[in-house]
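Open the model in your viewer and keep the sequence panel beside it. Each stop below gives a selection and then what is there.

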Amino acid sequence: MTELAYLASMDGAYTRSFRARIVARPPGGVVLDRTFFYPTGGGQPNDLGTLRASGAPVAADVVDVVKQGSTVVHRLSGAAPARAGLAVGTEVEATIDWARRERHMRLHTSQHYLSARIFARYGARTRRASLRGREAAIELDRALPTRAIEELGEDVANMASDPRHVRIREVSRVEWDRHPAARSSLVALAPGVDPVRLIEIEGIDLCPCGGTHVRSTSEVGALEIRPISERDEGGARFSYVLVNGGGTTPPE
Ligand SMILES: [Zn+2]
């Protein structure tokens with residue numbers, strides 16, 4: 001079992017390097033006793049980075065991170081000597097590719113914000129959301145009016161001009177299941193999840209999520225909203241991209 005340290009607090013999302021111990025070595029990868037590497041899931045791609053055995057001259061590259069049951073496997077590439085030092089019981093220094101992680105945080109928090117605003121304004125729920133590179137995509141269960149593109153632009157401006165805190169909250173499953181009509185998301189929560197980890201954007205949204213998020217909407221920065229398209233099967237879809245250098249994430 002891997003301790004999912006990135007989940008525990010908002011600070012966990014900002015952790016760029018950490019120490020951990022190798023507890024298993026499945027083919028091509030390692031399992032740590034705890035990790036801040038995000039494994040692919042919930043529409044958010046995995047982190048990348050490096051693992052280096054304490055005192056070793058070279059690091060192995062983490063090229064993929066996947067959750068398998070209650071463990072997280074860090075798949076490795078790089079030179080054989082770097083991988084050779086990573087035996088069970090070894091302590092490692094882990095470094096996360098911060099530029100990539102930060103992009104995912106900014107995209108993920110802005111996705112929750114925009115999904116909530118779209119639901120509040122037009123009653124459209126998010127069927128699916130995904131992040132990749134500098135881009136996020138949101139699929140909705142109904143079409144949006146033509147003015148939506150302009151209003152989404154206002155939302156993006158408001159994230160900076162009227163910044164909202166982002167927090168983690170936990171509630172019991174019973175409590176969470178009480179008001180299904182108030183949800184902006186149609187993504188089903190797995191049956192066994194209890195308690196439910198919620199990401200709260202102050203005054204805007206409350207959504208079950210295991211992703212990594214920024215502490216304030218002011219860190220999202222500028223976004224370019226792409227045109228909204230209607231889907232053949234009904235509903236709408238749009239994507240948006242991070243504009244270079246938009247974030248204001250404080251240094252670690
Ligand atoms: Zn989420």
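Select Ala 136 and Tyr 240: Ala 136 stands opposite Tyr 240 in E16. Strands here are DSSP runs marked E of at least two residues, helices are runs marked H or I of at least four, and both are numbered from the N terminus. This is a predicted model, in which local features need pLDDT of at least 70, side-chain atom pairs count only at pLDDT 80 or more, and totals for chains, interfaces and linings use all residues. Residues are numbered from 1 along each chain as its sequence is written.

**Stop 1**

Two strands count as paired if DSSP finds at least two bridges between them.

Find Ala 129: its bridge partner in E10 is Ile 138. The hairpin of E9 and E10 has two residues between the strands, and Gly 133 there takes a positive phi near 60°.

Show side chains along E10 (residues 135–140). Which of them point to the buried face? Ala 136, Ile 138 and Leu 140 point to one face and are buried. A residue is buried if 20 or more other C-beta atoms lie within 10 Å of its own, exposed if 12 or fewer, and partly exposed in between, with C-beta atoms placed from the backbone. In a regular strand the side chains alternate between the two faces of the sheet.

**Stop 2: the barrel**

Select E2, E3, E7, E6, E5 and E8. Six strands form a closed barrel in the order E2-E3-E7-E6-E5-E8, with antiparallel pairing. The twist averages 45° from one strand to the next. Axes are lines fitted to C-alpha atoms, for helices over the stretch in contact, and angles run from 0 to 180 degrees between N-to-C directions.

Focus on strand E5 (residues 49–53). Three bridges join E5 to strand E6 (residues 60–68), and the two run antiparallel. Gly 49 stands opposite Val 62 in E6. Thr 50 stands opposite Asp 61 in E6. In the hairpin of E5 and E6, six residues lie between the strands, and Gly 55 takes a positive phi near 85°.

Turn to strand E8 (residues 91–96). Five bridges join E5 to E8, again antiparallel. Ala 53 has Val 92 as its bridge partner in E8. Four of the five residues of E5 are buried, so E5 is largely enclosed by the rest of the structure.

Next, pick Gly 28, in the loop between strand E2 (17–24) and strand E3 (29–32). Gly 28 is partly exposed, with 13 other C-beta atoms within 10 Å. Leaving out residues up to four places away in sequence, Gly 28 touches Arg 75 and Leu 76. Contact means that C-beta atoms, placed from the backbone, lie within 7 Å.

**Stop 3**

Color by domain: domain 1 is 3–96 and domain 2 is 101–242. Domain bounds come from an automatic or database domain assignment. The domain centres, taken over C-alpha atoms, are 28 Å apart. Where they meet, 13 residues of domain 1 are in contact with 17 residues of domain 2. On the domain 1 side, helix H1 (5–8) and helix H2 (10–13) are the elements that give two or more residues.

Select Val 30, Phe 37, Leu 51, Leu 86 and Val 92. These have the most contacts inside the largest nonpolar core, which has 54 residues. Such a core is a set of buried Ala, Val, Leu, Ile, Met, Phe, Trp, Tyr and Cys residues joined through C-beta atoms within 7 Å. H4 gives the most to this core, with six residues.

**Stop 3: His 112**

Go to His 112 in helix H4 (residues 98–122). Is His 112 buried or exposed? His 112 counts as buried because it has 25 C-beta neighbours inside 10 Å. Beyond residues up to four places away in sequence, His 112 touches Ile 199, Ile 201, Asp 205 and Cys 207. His 112 and Ile 199 are 87 residues apart along the chain, yet their C-alpha atoms are separated by 8.7 Å.

**Last stop: a cis bond**

Select Asp 194 and Pro 195. The peptide bond between them is cis, with omega near 0°. Pro 195 sits in the loop between helix H6 (173–176) and strand E12 (196–201).

Terms used: Contact = placed C-beta atoms within 7 Å.
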